[in-house]
Amino acid sequence: MTLKFLRNKVVEVKARPEGDLVVSWRLTDDLFKAEVELIVQPPDLEIIEADARLERFIPLSCRDASEQIKKVEGVSIGSGLRKIVAGLLGGADGCAILVDAVLESSNAVILHFTRPGIEMGESTTDPDEKLVGLREMIKLNPRLVRSCIAFQDDSPIMKGLDI
C-alpha cells in the first residue's frame, strides 16, 4: 500500500505604508491547516499583534492556539528569541506548531531586511568591490565586529578598518 502525504508551508512579509510589517505564516497538509499572522513594528521589531487559526485534526495542546499566540505580543525579534518563544508557547502544555510559526516568521522578517544587502553584494564579481561593500556594511553595523570568523580582527575584511 502506498501512502501519500502533501505539505505546503508559506511565509510572506509585506510592508504597510505606515511602516509596520505583516507576516503571514501558513501550513497546509492532508490532515492539518494552520495560519498565523504577526504584525511587527520596526525599528525594535516588536510583535505588536498576533493571531492564529487552526483547522482540521487540531492537536490537543493547540486547541486554544488563538489565545496562546497572544503571549508573544510585546516580544521583540532579536537575540534570545528562540528561548523566549519556547518558554512562552512551548513546553509540556504548549503548542510546538506555534513555536515553529513564530520562529519561521521571525526569520522571514530578518531576511526581509538583509536580502537587499546580500543581493547587492552578490551582484559584483570583483573581489575588491566586495571587500569595499563588506567594510561599508561593518561601518554601518558595528555589532558585526567579532560576531563571526569573517569579522575577526585579523581577517582580510577587517584590515585597514579602525573599529
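**Pocket and backbone: a quick chat**

Colleague: What volume does the largest pocket have?
Modeller: About 1000 Å³. Keep in mind that this is a predicted model.

Colleague: Which residues are closest to the centre of that pocket?
Modeller: Phe113, Thr114, Met137, Asn141 and Leu144. They belong to a lining of 30 residues.

Colleague: Which helix gives the most to the lining?
Modeller: α3, with 12 residues. That helix spans 96–122. α2 (81–89) and α4 (127–140) also each supply at least two residues.

Colleague: How many of the lining residues are nonpolar, polar or charged?
Modeller: The lining has 13 nonpolar, 11 polar and 6 charged residues.

Colleague: New topic, the backbone. Where is the cis peptide bond?
Modeller: Between Pro42 and Pro43. Omega is about 5° there. Pro43 sits in the loop between β3 (33–41) and β4 (46–55).

Colleague: And Leu45, where is that one?
Modeller: Also in the loop between β3 and β4. Its phi is positive, near 55°, and Leu45 is not a glycine.

Colleague: Is Leu45 buried or exposed?
Modeller: Buried, because its relative accessibility is 14% and the cut-off for buried is under 20%.

Colleague: Why does Arg56 count as partly exposed?
Modeller: Because its relative accessible area is 39%. Partly exposed covers the range between buried, under 20%, and exposed, over 50%.

Key: Residues numbered from 1 in each chain as written. Predicted model: local features only at pLDDT ≥ 70, side-chain atom pairs only at ≥ 80, totals over all residues. Heavy atoms only, no water. Helix = DSSP H or I, 4+ residues; strand = E, 2+ residues; numbered from the N terminus. Buried < 20%, exposed > 50% of the residue type's maximum accessible area, 1.4 Å probe, protein only. 1 Å grid on protein atoms, 1.4 Å probe; cavity = no way out; pocket = protein on both sides within 12 Å on 5 of 7 lines; lining within 4 Å. Points joined across faces, edges and corners; volume = space filled by probe spheres on them. Nonpolar A, V, L, I, M, F, W, Y, C, P; charged D, E, K, R; others polar.
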